[in-house]
Amino acid sequence: MSLLPLDEAQRRLLEGTHRLPTEDVPLDAAHGRYLANDVVAKRNQPAADLSAMDGYAMLAGDDGGPWTVIGESAAGHPFGGSLARGQCVRISTGALLPTGASAILIQENAGRKGDVVTLAGGDGPSADLVRRRAFDFAQGDTVLVAGSRVDAPQLALARMAGHRSLAVGKRPALAVIDCGDELSDAASLPDHRIPATNGSMVQTMCAPLARDARRIGPVADSMDALLGALAETADADVIVTSGGASVGDHDLVRPALERWGAELGFWRVAIKPGKPLLIARRGATTLVGLPGNPASAYVTAFLFVLPLLRHLAGASDAFPRAVQLSLGEPLPETGVRAELFRARLHNGYAVPIAQRDSSALQALAAADLLIHRPVGAEAAAAGELVSAYLIQNGGIA
Ligand SMILES: Nc1nc2c(c(=O)[nH]1)N[C@H]1C(S)=C(S)[C@@H](COP(=O)(O)OP(=O)(O)OC[C@H]3O[C@@H](n4cnc5c(N)ncnc54)[C@H](O)[C@@H]3O)O[C@H]1N2
Ligand code: MOO
């Protein structure tokens with residue numbers, strides 16, 4: 001079987017996976033979720049002209065002063081009367097402009113004696129210090145679009161737009177299985193055994209996107225053990241295995257998935273690390289078989305599992321966005337696989353980490369970036385622009 005190009009594998013991953021149903025949730029519970037519908041403003045913001053500064057409000061063109069202070073407009077306490085030339089109203093930031101007023105003199109440029117205000121240097125009254133009614137958004141405006149992610153600023157916008165709940169996609173349930181006779185969760189181990197790292201790493205990466213992220217195993221390299229673990233995944237929308245995905249005599253994930261009734265979508269992608277990645281489906285459940293080497297498991301979870309979860313949860317843009325950065329040190333040419341180089345972000349440069357072994361966890365833990373070099377790329381010199389994914393905080397998608 002030949003190696004599938006990365007972009008084709010990513011496209012095929014989402015092809016045929018259906019988004020989960022949507023649900024209405026209170027506003028704050030929508031954090032980190034994806035919008036099921038456009039969000040339309042129920043109110044104008046601001047609802048009326050406001051002052052952007054603390055100072056005095058006066059009529060347009062009434063620039064010279066002096067002015068007599070005839071009242072106050074404070075935030076939450078508007079001035080009820082109206083203004084004439086030669087008059088002003090004490091005003092605070094965010095307070096409604098009195099009827100007729102359309103210029104603000106900031107406090108620092110005003111002199112005040114009793115009820116009389118004079119110019120005290122600097123700029124005079126300015127209309128630019130007025131925040132116009134509905135300048136941010138008007139009732140009926142689409143302020144957020146379906147499929148976009150709700151973070152703290154989007155929550156603030158939805159709240160300001162008059163919403164108290166939002167329709168978002170349901171999050172998928174995830175089960176993660178560590179596979180391998182050598183794996184153990186015990187604290188102290190003989191030389192032929194190692195701590196199982198991938199299951200908890202993937203579980204942790206995915207938890208914010210999942211309604212339930214269960215970890216199963218470690219599971220032994222036997223058909224019965226794997227089938228037993230798959231039986232425990234019950235209602236999971238996504239099952240992730242790690243290890244046993246390659247070509248060795250004990251690499252049983254593929255045959256076990258087939259015995260379990262799953263249909264192989266694809267196996268082996270033209271990426272380094274991560275070549276033995278496999279995708280299978282059983283009903284509405286998608287199974288992602290990650291390679292066992294921890295850096296390979298991380299890279300493939302970043303490029304495939306996180307996007308799959310985002311897609312199921314309703315994201316319109318499920319894949320991580322790359323940024324362009326200058327290389328801090330040269331990179332070698334690539335071959336028949338695209339390469340994802342672990343790298344540090346240092347003084348604005350992408351600095352590749354020398355240790356590239358796909359089992360090396362120190363290099364993975366030190367990385368801020370994955371530099372993505374396509375298949376057949378020439379060697380890249382320091383200073384050259386390269387494409388990279390930010391991987392801290394799960395990347396930017
Ligand atoms: N003859 C070939 N050998 C290998 C090939 C190949 O094409 N031909 N591919 C290599 C590549 S690339 C990778 S990546 C690995 C992946 O193999 P598997 O997915 O079958 O993984 P394992 O063999 O089970 O384990 C590989 C490595 O990772 C360790 N491991 C496994 N699971 C975990 C875990 N949950 N936590 C921590 N470490 C784990 C395992 O002990 C092995 O050291 O295959 C190459 N071989
Ligand atoms: O491609 Mo494997 O994922 O390097 O170690």
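In this predicted model, the side chain of S242 places an N or O atom 3.3 Å from a nitrogen atom of ligand 1. The points below describe the surroundings of the ligand and then turn to a sheet of the protein.

**Polar contacts of ligand 1**

- An oxygen atom of ligand 1 lies 3.0 Å from a backbone N or O atom of G292.
- N293 also takes part through its backbone, where a polar atom is 3.2 Å from an oxygen atom of ligand 1.
- The protein buries 70% of the 870 Å² that ligand 1 exposes when taken alone.

**The shell around ligand 1**

- There are 22 residues around ligand 1, and those that come nearest are D178, E182, A245, S246 and K275.
- Sorted by class, the shell consists of 9 nonpolar, 9 polar and 4 charged residues.
- Strands β13 (173–179) and β15 (194–195) each contribute at least two residues to this shell.

**An open sheet**

- Six strands form an open sheet with mixed pairing, in the order β7-β4-β6-β5-β9-β8.
- At the edges are β7 (101–106) and β8 (110–113), each of which pairs on one side only.
- On average, neighbouring strands of this sheet are turned by 40° against each other, with direction ignored.

**The pairing of β4 with β7**

- Strand β4 (residues 55–59) runs antiparallel to β7, and 5 bridges join the two.
- G55 has I106 as its bridge partner in β7.

Technical notes:
Residues are numbered from 1 along each chain as its sequence is written. Chains are lettered from A and ligands numbered from 1 in the order in which they are written. This is a predicted model: local features need pLDDT of at least 70, side-chain atom pairs count only at pLDDT 80 or more; totals for chains, interfaces and linings use all residues. Side-chain values use heavy atoms; hydrogens and water are left out. A residue is near a molecule or strand if one of its heavy atoms lies within 4 Å of it. A polar contact is a pair of N or O atoms within 3.5 Å; within protein, one must be able to donate a hydrogen and the other to accept it, and residues adjacent in sequence count only if both atoms are side-chain atoms. Accessible areas come from the Shrake-Rupley method with a 1.4 Å probe; for residues, only the protein chains shown count as cover. Helices (H or I, at least four residues) and strands (E, at least two) are DSSP runs, numbered from the N terminus. Ala, Val, Leu, Ile, Met, Phe, Trp, Tyr, Cys and Pro count as nonpolar, Asp, Glu, Lys and Arg as charged, and the others, Gly among them, as polar. Two strands pair if DSSP finds at least two bridges between them. Axes are lines fitted to C-alpha atoms, for helices over the stretch in contact, and angles run from 0 to 180 degrees between N-to-C directions.
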